[in-house]
Amino acid sequence: MGKHTVQASVKDEKLVAVRRAQMVKGAVSLFKEKGFHRTTTREIARAAGFSIGTLYEYIRTKDDVLYLVCDSIYENVKERLDQALNTEKGSLESLTAAVASYFKVMNEFQEEVLILYQEMRSLPNESIKYILGKEMEMVAMFETILQKCVENGEFLLTKREIDGIAHNIFVQGQMWGFRRWAMQKLYTIEEYTDLQLRYLLNGVRMRDI
């Protein structure tokens, strides 16, 4: 799925990137407070530090801002995961480190991820497909680590089981933010990570018996 193109009348690509980063930062703050639908483009422009006229030099519609916000959130999360996850090693230690790193990133970006899932439905279908495609890229990171573990004899899993476990890891990381009103009264992020790792590793080992 190709990336959605947000039209700009300004031709300087570096300036476009700078202005849109300012726009995204301001919009995220407003979306946290008010939500997408209650936030106006004039408020977004003010939060970004420029006029409404300048705002429309870099976007065409308010939906463009939401798309840029969603895309930026996933780019930031994926970049952090790329830095933290070693997909080449196939060991219990590398899998444990990967899950812990992912949960830590989800803890840091929990507000942004909540915005993403609350507001993404307002985007056109093609843009939603693109954003969800980026999610699948992150799931694939865990699939690769698990496959390496299988190749190294750590686990005995089918490809179908690897895919299911990778999705489960991804969802459990998101649950820390989605269910924070309950989970964060019970656990610290470290305790939650240890709990989920115990479930994961015990479940995989039971499959080997």
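Author: Helix α4 passes α6 in a left-handed crossing, a term used when the near helix is turned anticlockwise from the far one by less than a right angle, with clockwise giving right-handed. Helices here are DSSP runs of H or I with at least four residues, strands are E runs of at least two, and both are numbered from the N terminus. The model is predicted: local features need pLDDT of at least 70, side-chain atom pairs count only at pLDDT 80 or more, and totals for chains, interfaces and linings use all residues. Residues are numbered from 1 along each chain as its sequence is written, and side-chain values use heavy atoms, leaving out hydrogens and water.

Helix α4 covers residues 62-84 and helix α6 residues 110-119; their axes come within 10 Å and cross at roughly 135°. This angle makes α4 oblique to α6, since under 35 degrees counts as roughly parallel, over 145 as roughly antiparallel, 65 to 115 as roughly perpendicular and the rest as oblique. The axes are lines fitted to C-alpha atoms over the stretch in contact, and angles run from 0 to 180 degrees between N-to-C directions.

On the α4 side, Leu-66, Cys-70, Ile-73 and Tyr-74 meet Glu-112, Val-113, Leu-116, Tyr-117 and Glu-119 of α6, where contact means heavy atoms within 4.5 Å. Of these residues, seven are nonpolar, none polar and two charged. Nonpolar covers Ala, Val, Leu, Ile, Met, Phe, Trp, Tyr, Cys and Pro; charged covers Asp, Glu, Lys and Arg; the others, Gly among them, are polar.

Cys-70 has 0% relative accessibility and so counts as buried (under 20% relative accessible area; exposed is over 50%, partly exposed in between, with a 1.4 Å probe and protein chains only). Cys-149 is also buried, at 0%. The model has zero disulfides, taken as pairs of cysteine sulfur atoms within 2.5 Å.

Helix α7 (residues 125-151) and helix α8 (residues 159-178) pack at about 125°, with axes 8 Å apart. That makes α7 oblique to α8, and their crossing is right-handed. Among the contact residues are Met-138, Phe-142 and Leu-146 of α7 and Ile-162, Ile-169 and Phe-170 of α8. This contact divides into 11 nonpolar, three polar and three charged residues.

As for the whole, the protein has 10 helices and zero strands. Buried residues make up 46% of its 209 residues.
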